[in-house]
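Student: Could we go through this model together, one question at a time? I would like to see how each answer is reached.

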Amino acid sequence: MKLPWEKKYICCGIVAFCVVAAGIALYMLIHKWDAVGGVISLIFKSLRPITYGLLFAYILNPLMRTIEKHLVSPAFEKMLKNNRARAKSLSRASSIFLTWGITITALLILAELVLPELYSSIESLVISLPGYANHLIDLIGELLNKNPDVQEFLMSSVKGFTTDITDIADKLKNIIPNINTLITGVSSSVMDIFRMLLNILIGVIVSVYVLKDKEKLAAQSKRLLYSFFSVKKANSVIAVTRLTNDKFGNFITGKIFDSIIIGVLCFIILTIFRIPYTALVSVVVGVTNVIPFFGPFIGAIPSALLILLAEPIKCLTFVIIIIALQQFDGNILGPKILGSSTGVSSFWVMFSILVGSGLFGFWGMLCGVPVFAVVYAIVSESCRCSLEERGLDYSTEEFKSIDHLSDKTEKPIYYKDNN
């Protein structure tokens, strides 16, 4: 079928424009990366409140859904039997209000319980630091008196260190006249904190709108998908999105709840055993427990060193308590809360954390497991479909007993020990 000449030239013009635009974009990416990177960074900074809002909405959605389904919606449906649209609107608004009310109240209660103890622990640590330093100096002095060779080595090292200190002092003389620059940097940091708080506040407002219209936003996304892609491809995107939501939702919300319980248990047990810096250590253990597998160790190592400085004997007690908590969390509490949400073995959990942390730091450690779980599920499903089409749909358990498949019949040849 031939196009009318008007449409033909319009299509040619559109194609030519796209080619030129793509060429300019490629040139900018190669030769003007600094400028392009600056624009991209500015766009991401502008969208930061939206990102916060989407994150808040995603985390709070399970709580809001529970409140709406089991508490608010039945009450309004009874009150407004003849106006279901009004009942639904009021149910959603009340659910959002209650969800944020519960969240803010819980955060305030947590701050009221933790902050005074945390302040007391930090204050005690600051006061005790000189004593710890003197004790450490005495130990080093005793060690040097018993080991003259070590003393001579350290004295030579100190001479070099003294020279380095002198060089640093000379450099500081040049820095002091530029104190205005330092003050400007401090002011900039204060402004950054203010901007972050403002972004969080705007994020809270955005989350309210997202929670209010989540069904409409999901419907618009599906409509957009089916308008640009074939039904098969659109269905695949929707399936992957739902899989990702299940993995991330179950993992993140469950892990946060699990970490809160571990932090509270740690605080109670450390209080019973009168371990120093109870609040500070419990907060560190609870926060780092969000990171799978390595989290308890990341939080326990600096905490153990801190307790070792204060009361060396109780450091051993603390290590035993942390090991017991980690076993309880890994074998009882974690599986109960998270269930089999990830669906990957311990080896792949460790693998995903190491790769994630190597590529993206802290956020890689935090999100590496659910991201890998999604990839793992997609690859597993692709393998299953491919094997099923070829009539070779044997499970992983079956392949443990299979030596290889026959070249001629494509039937499994089992290990001799299993025949």
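Tutor: Gladly! Helices here are DSSP runs of H or I with at least four residues, numbered from the N terminus. Keep in mind that this is a predicted model.

Student: How many helices and strands does the protein have?

Tutor: Counting runs in that way gives the secondary structure of the protein. The totals are 13 helices and two strands.

Student: Where in the protein is confidence lowest, and where is it highest?

Tutor: Let's start with the overall picture: the mean pLDDT is 76, and 72% of the residues reach 70 or more. Where pLDDT is low, the predicted coordinates should not be read in detail. Confidence is lowest in helix α5 (residues 148–175), with a mean of 57, and highest in α7, at 88.

Student: At what angle do α7 and α8 pack?

Tutor: Helix α7 covers residues 214–228 and helix α8 covers residues 231–272. Their crossing is right-handed. The axes lie 8 Å apart, and the packing angle is about 145°.

Student: Which residues make the contact between α7 and α8?

Tutor: By class, this contact has six nonpolar, one polar and two charged residues. On the α7 side you will find Lys-222, Leu-225 and Tyr-226. On the α8 side the residues are Val-231, Ala-234, Asn-235, Val-237, Ile-238 and Arg-242.

Student: Is Phe-248 buried or exposed?

Tutor: Phe-248 is in helix α8. Leaving aside neighbours within four places in sequence, Phe-248 is in contact with Tyr-58, Thr-253, Cys-367, Pro-370, Val-371 and Val-374. The cut-off for burial is under 20% relative accessible area. Because its relative accessibility is 17%, Phe-248 counts as buried.

Student: What separates the C-alpha atoms of Phe-248 and Tyr-58?

Tutor: Tyr-58 is one of the contacts of Phe-248. The two residues are 190 apart along the chain. Their C-alpha atoms are separated by 9.7 Å.

Student: What is the phi of Arg-274?

Tutor: Arg-274 sits in the loop between α8 and α9. Its side is open, so to speak: Arg-274 is exposed, with a relative accessible area of 66%. Most residues other than glycine have a negative phi. Arg-274 is not a glycine, yet its phi is positive, at about 55°.

Student: How many residues of helix α9 are buried?

Tutor: Helix α9 spans residues 278–288 and is mostly covered. Among its buried residues are Thr-278, Leu-280, Val-281 and Gly-286. Of the 11 residues in α9, the buried ones number eight.

Student: Which residues does Ser-282 touch, not counting those up to four places away in sequence?

Tutor: Ser-282 lies in helix α9, and it counts as buried because its relative accessibility is 5%. The C-alpha atoms of Ser-282 and Gly-263, 19 residues apart along the chain, are separated by 5.3 Å. The residues Ser-282 touches are Gly-263, Cys-266, Phe-267 and Leu-270.

Student: Which residue of β2 stands opposite Ile-402?

Tutor: Strand β1 (residues 402–405) and strand β2 (residues 412–414) run antiparallel and are joined by three bridges. They form a hairpin with six residues between them, and Glu-410 in the turn has a positive phi of about 60°. The residue opposite Ile-402 is Tyr-414.

Student: Is Pro-412 buried or exposed?

Tutor: Pro-412 belongs to strand β2. Its C-alpha atom is separated by 9.2 Å from that of Ser-401, 11 residues apart along the chain. Because its relative accessibility is 16%, Pro-412 counts as buried.

Conventions: Residues numbered from 1 in each chain as written. Predicted model: local features only at pLDDT ≥ 70, side-chain atom pairs only at ≥ 80, totals over all residues. Heavy atoms only, no water. Axes fitted to C-alpha atoms, helices over the stretch in contact; angles between N-to-C directions. Left-handed = near helix turned anticlockwise from the far one by under 90°. Contact = heavy atoms within 4.5 Å. Nonpolar A, V, L, I, M, F, W, Y, C, P; charged D, E, K, R; others polar. Pairing = 2+ DSSP bridges. pLDDT = per-residue confidence, 0-100. Buried < 20%, exposed > 50% of the residue type's maximum accessible area, 1.4 Å probe, protein only.
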